[in-house]
Amino acid sequence: MKVTIKEEKCMGCGSCPSLVPDVFDFNDDGFAYAKVDTVPEDLEDGVKEAIELCPTGAIVEEKSE
Ligand code: SF4
């Protein structure tokens, strides 16, 4: 799966980077971003949980082509 974060929606709550630090991190502006393009299979469950828990719905799964 692929995942991106809509920076304009992120409120920097810190949930996703603490849940899946290998996928999400904060940029210098204090917003989260996805630091990998394709999520490793063993981290997919954590990413799905992060998507559900994001209070602003900023994390979106991209359908692979
Ligand atoms: S969980 Fe959502 S609002 Fe919180 S840091 Fe991640 S993208 Fe931003």
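This passage walks through the fold of the protein and then the surroundings of its ligand. The model is predicted, so to speak of local features a pLDDT of at least 70 is needed, side-chain atom pairs count only at pLDDT 80 or more, and totals for chains, interfaces and linings use all residues. Numbering starts from 1 along each chain, following the sequence as written.

The protein has two helices and four strands, taking DSSP runs of H or I with at least four residues as helices and of E with at least two as strands, numbered from the N terminus. Read from the N terminus, the order is β-α-β-β-α-β. The radius of gyration, 10 Å, is close to the 11 Å of the globule rule for 65 residues, so the protein is as compact as a globular protein of that length; the radius is taken over C-alpha atoms, and the rule is 2.2 Å times the number of residues to the power 0.38. The C-alpha trace spans about 30 × 20 × 20 Å along its principal axes.

Around the ligand sit 14 residues, with C10, C13, S15, C16 and C54 the closest; a residue is near if its C-beta atom, placed from the backbone, lies within 6 Å. That shell holds ten nonpolar, four polar and no charged residues, with Ala, Val, Leu, Ile, Met, Phe, Trp, Tyr, Cys and Pro as nonpolar, Asp, Glu, Lys and Arg as charged, and the others, Gly among them, as polar.

As for C13, the loop between β1 (2–5) and α1 (15–19) is where this residue lies.
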